[in-house]
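Subject: Structure for you to look at

Hello,

Please open the structure below and keep it beside you while you read. My notes on it follow.

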Amino acid sequence: MNWDAVFTSLKLASVTSLILLVLGLPLASWLAFSRWRWKFLFESVVALPLVLPPTVLGFYVLTAMGPRSPLGHWYAQLVGSPLPFTFEGLVVASVLYSLPFAVQPMAGSFAGVDRNLVEVSWTLGVSRLATFFRLILPSARNGVVTAFVLTFAHTLGEFGVVLMVGGNIEGVTRTVSIDIYDQVQQLNYETASRTSLALLIFSFMVLTLVYWLNRNSGLWPSPRRRV
Amino acid sequence: MSHSGTLEVSITRSFAGGFSLDVSFEIEAHPGTVLVVFGPSGSGKTTLLRCLGGLESIDRGLIRFGDAAWCDTEKDLLVRPQERNIGYVPQDYGLFPRLSVRRNIEYGIPRSGRRKGRAWVNQLISVLGLQELQEYLPRDISGGQRQRVALARALARKPGLLLLDEPLSALDAPTRASLRLELRRTLKELAVPAVLVTHDWEDTLTLGDHMILLSGGRILQSGAPLDILTRPENLVVASVVGVETITPGRRVRRERGIAELDVAGRTLWAADVDFSDDDVYVCIRAENVTLEVGSGTRSSARNHLPGAIASIAAAGPLVRVAVDVGFRIQALVSRQALEDLGLDLGSAVVVGIKATAIHLVPR
């Protein structure tokens, strides 16, 4: 197994999950509680990476990061080097690509918190922000853990976006999934199969954890759920 | 704890479904007084309570309590629920399921004030009899206990006004009767003014000092509960209220499940109810009252009171007859029965009531 690629993947998945945890909390709570009439537009944007081919997303991210775009130009001026084909560029792309996997479970579990309890908390003098941290977040913690775990696993399995934005630089942007592709290209089926098996087992464990956490509420609507 | 002030409300709110709330009233909320907002379901009473709590926005109008303006659309003023200094108990109590009874009660007390507030919380816990339950989770205690925890939590911050949404409706009938008296005692003892929403006239009678009758988002009548319940202004009010004869009486003897009552000098027998207070309201639904002419009829009814017909009013295919027997009893009989018996204003009749049709409510 290519341990450099494993390390890169784990680093990318950890950083992406942490960033999405921080970005996802306010975004998900806004989506869950806002009554703005155009909210559905934002919901669509957040969900877009679910249906978009990774190459399309990768293409736009790459273009936006490139030195000819204002954004890419500004970043290069600020940091001294351009974003594409760096680990940082990969993180930006992964954050966008995994956004729905972080936001949707969180928003769902926030919206599931009994509205009555939230209102009681307000009448007891507890501010909206404090109510979020003292009541909503603890009640929705399974959703938050689910979001974190799904983001982590999804980032680990990324291929198209990583290839478009990160290239395939050993030790910097070569992730496990790309390494498997490389091994197959070089007809190293044995290495590819070992790495693939490791990813398969890991993904299965992650999903088992997610479904176990959500065993009472159900991740998807199901008929056995009782009110 | 002592609070008082005038509660001034004049608000309108329309909803997409066509329902609109349009109420305006002003009452003195002294320590321990309870304003009952009475109405059938869909009358807008919960919406009114939520407007008072700042949980529902209003289209136009103002709400004032004491010195504080909570809401005034003309001045674009809307005070958040956090700053209204209220205690709110929603219909299903809204206890935080992950927190123990004690932590539920302490939830609204800022961390810095916990030490100072401890004596007060302990007092609330003992007044409401929750000492043994402090470490329990809400799911492990009974409905009546949950109601008391919700009440303690609402009182923990020493609110200026309590808002109670159907505090007794989630309980079974026997529990409801005993908790109703307990709630009255607690509210008087802690001397907080309260607004209580209910569709139960027994709640109204036992708990209310002042009453607002709400139907279809409008106030039909307001005043003392006994006045409205016994002397509804019109038929609409009467039909909303639902019970026709309510009159104060005294229980003078209790024997084998039957209570002997003294009502305005007349003796009545009623099925006994288990509460200690002997001052009662005697409540009789008009459809349970029969009219008899002459004596000698044998009947299973325990009560036969001679009197004279004081008024006759049409109520659809039926007629509502008020008979003066020393106090007034309402009877609902068919027009045909009235004609067959040859009864008219002033006629002498005997009113028959089964002991089980007389309902006693503590006064």
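Two strands pair if DSSP finds at least two bridges between them. Helices (H or I, at least four residues) and strands (E, at least two) are themselves DSSP runs, numbered from the N terminus.

Some bookkeeping first. This is a predicted model, in which local features need pLDDT of at least 70 and side-chain atom pairs count only at pLDDT 80 or more, while totals for chains, interfaces and linings use all residues. Residues are numbered from 1 along each chain as its sequence is written, and chains are lettered from A and ligands numbered from 1 in the order in which they are written.

Strand pairing in chain B

Strand 10 (residues 210-215) and strand 11 (residues 218-223) of chain B pair in the antiparallel sense, over 5 bridges. Within this pair, B:Ile212 has B:Ser222 of strand 11 as its bridge partner. The hairpin has 2 residues between the strands, and B:Gly216 takes a positive phi near 60 degrees there.

Chain B as a whole

Chain B has 9 helices and 21 strands. Its C-alpha atoms fill a box of roughly 75 × 50 × 30 Å along the principal axes. Of the 363 residues in chain B, 40% are buried. A residue is buried if 20 or more other C-beta atoms lie within 10 Å of its own, exposed if 12 or fewer, and partly exposed in between, with C-beta atoms placed from the backbone. Two residues are in contact if their C-beta atoms, placed in that way, lie within 7 Å. Among contacts in chain B between residues at least 6 apart in sequence, 67% join residues at least 24 apart.

Domains

Chain B is divided into domain 1 (5-242) and domain 2 (246-362); such bounds come from an automatic or database domain assignment. The centres of the two domains, taken over C-alpha atoms, are separated by 35 Å. Their contact takes 8 residues from domain 1 and 7 residues from domain 2. On the domain 1 side, helix 6 (201-207) and helix 7 (225-230) of chain B each supply at least two residues. By class, that side has 5 nonpolar, 2 polar and 1 charged residues. Here Ala, Val, Leu, Ile, Met, Phe, Trp, Tyr, Cys and Pro count as nonpolar, Asp, Glu, Lys and Arg as charged, and the others, Gly among them, as polar.

The core

A nonpolar core is a set of buried Ala, Val, Leu, Ile, Met, Phe, Trp, Tyr and Cys residues joined through C-beta atoms within 7 Å. The largest one has 143 residues, and B:Val37, B:Ala152, B:Leu163 and B:Val351 have the most contacts inside it. Helix 5 (residues 87-111) of chain A gives the largest share of this core, 12 residues. Domain 1 and domain 2 of chain B both give residues to the core, so it lies between them. Not counting residues up to four places away in sequence, B:Val351 touches several residues, including B:Val289, B:Leu291 and B:Ile329.

Chain A against chain B

In the interface, 12 residues of chain A are in contact with 14 residues of chain B. Helix 6 (115-123) and helix 7 (128-139) of chain A are the elements that give two or more residues to the chain A side. The largest share, 6 residues, comes from helix 6 of chain A.

B:Glu166 is not a glycine, yet has a positive phi of about 45 degrees. B:Glu166 is buried, with 20 other C-beta atoms within 10 Å.

Regards
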